[in-house]
Amino acid sequence: MTSPIATLAPPTHRGLWAIAGPSVIFTVLTHGFRLIDQYYAQFISMPAQAAVGASVFAVIVFYAAFELISAGAGPLVARAVGRGEEDEVRAVVGRATVGALGVTLAIMAIGFLGAGYIASGLGLEGEAHAQTVRYVQALSLTILPLVFTPLVDQVFLAMGNARVPTLLHAVSVGGNALLTPLFILEFE
């Protein structure tokens, strides 16, 4: 008996791009805000740019906390969608949303109140330390969209829809590309 996988033709460049392309675009858009922040921080000062670069480690830890909720919700949504249980999909998304809000409040408090400890833990001193505290505190207070990003992504992907999260990421990165220079260059 021949395996169904053995009968598949080798992938073409077009076929490979059709599968990998959306994932690549999605990932670039997911992490694009950091590149934009890093680019425009250079117009503030060298310590500000160091702060954005160094705080990437804190952002990764924060983002990992957000992924905990979405990593659990994604498979549960997929299972409910597969069984055609729309009420269960709504229930899972509702519980995950409440969990994401709880994580948001915790990260906001930890990030805002612990920004000095985070900067010190990164080994920063002087003006780079002060700028990191300022950046982490500002990021912590505005982190809500980042919390919901992985949850929204997983819910739509579990329902078989990669287009909506990709478009949301494009809008998000576009908004960041417009607002970051405005806030940094105009409003300082």
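At what angle do helix α3 and α4 pack, and how far apart are their axes? In this predicted model, α3 (residues 56–83) and α4 pack at an angle of about 180°, with their axes 10 Å apart. An angle over 145 degrees counts as roughly antiparallel, so α3 is roughly antiparallel to α4.

Who touches whom here? On the α3 side, the residues that meet α4 include Phe 62, Phe 66, Ile 69, Leu 76 and Val 81. On the α4 side, the residues that meet α3 include Glu 88, Val 92, Ala 96, Val 103 and Gly 111. By class, this contact of α3 with α4 has 16 nonpolar, 2 polar and 1 charged residues.

Now for the other two helix pairs. Helix α4 (residues 86–113) packs with α6 at an angle of about 165°, and their axes are 8 Å apart. That makes this pair roughly antiparallel as well, and α4 passes α6 in a left-handed crossing. From α4 come Ile 107, Met 108, Gly 111 and Phe 112, which meet Val 136, Gln 137, Ser 140 and Leu 141 in α6. The contact of α4 with α6 has 5 nonpolar, 3 polar and no charged residues. Ile 107 and Gly 111 of α4 turn up in the contact with α3 too.

The contact of α3 with α7 divides into 12 nonpolar, 4 polar and 1 charged residues.

| Pair | Angle | Axes |
|---|---|---|
| α3 and α4 | about 180° | 10 Å apart |
| α4 and α6 | about 165° | 8 Å apart |

The largest pocket holds about 1200 Å³. It is lined by 33 residues, and the closest to its centre are Asp 37, Leu 139, Thr 142, Asn 176 and Thr 180. The elements that give two or more residues to this lining are α1 (13–41), α2 (46–54), α6 (126–141), α7 (144–158) and α8 (163–186). Which of them gives the most? That would be α8, with 10 residues. By class, the lining splits into 20 nonpolar, 9 polar and 4 charged residues.

Terms used: Residues are numbered from 1 along each chain as its sequence is written. This is a predicted model: local features need pLDDT of at least 70, side-chain atom pairs count only at pLDDT 80 or more; totals for chains, interfaces and linings use all residues. Side-chain values use heavy atoms; hydrogens and water are left out. On a 1 Å grid over the protein atoms alone, a cavity is a set of points where a 1.4 Å probe fits but cannot get out, and a pocket is an open set with protein on both sides within 12 Å along at least five of seven lines; lining residues have an atom within 4 Å of a point. Grid points are joined across faces, edges and corners, and a volume is the space filled by probe spheres set on the points. Helices (H or I, at least four residues) and strands (E, at least two) are DSSP runs, numbered from the N terminus. Ala, Val, Leu, Ile, Met, Phe, Trp, Tyr, Cys and Pro count as nonpolar, Asp, Glu, Lys and Arg as charged, and the others, Gly among them, as polar. Axes are lines fitted to C-alpha atoms, for helices over the stretch in contact, and angles run from 0 to 180 degrees between N-to-C directions. Angles under 35 degrees count as roughly parallel, over 145 as roughly antiparallel, 65 to 115 as roughly perpendicular and the rest as oblique. A crossing is left-handed if the near helix is turned anticlockwise from the far one by less than a right angle, and right-handed if clockwise. Contact means heavy atoms within 4.5 Å.
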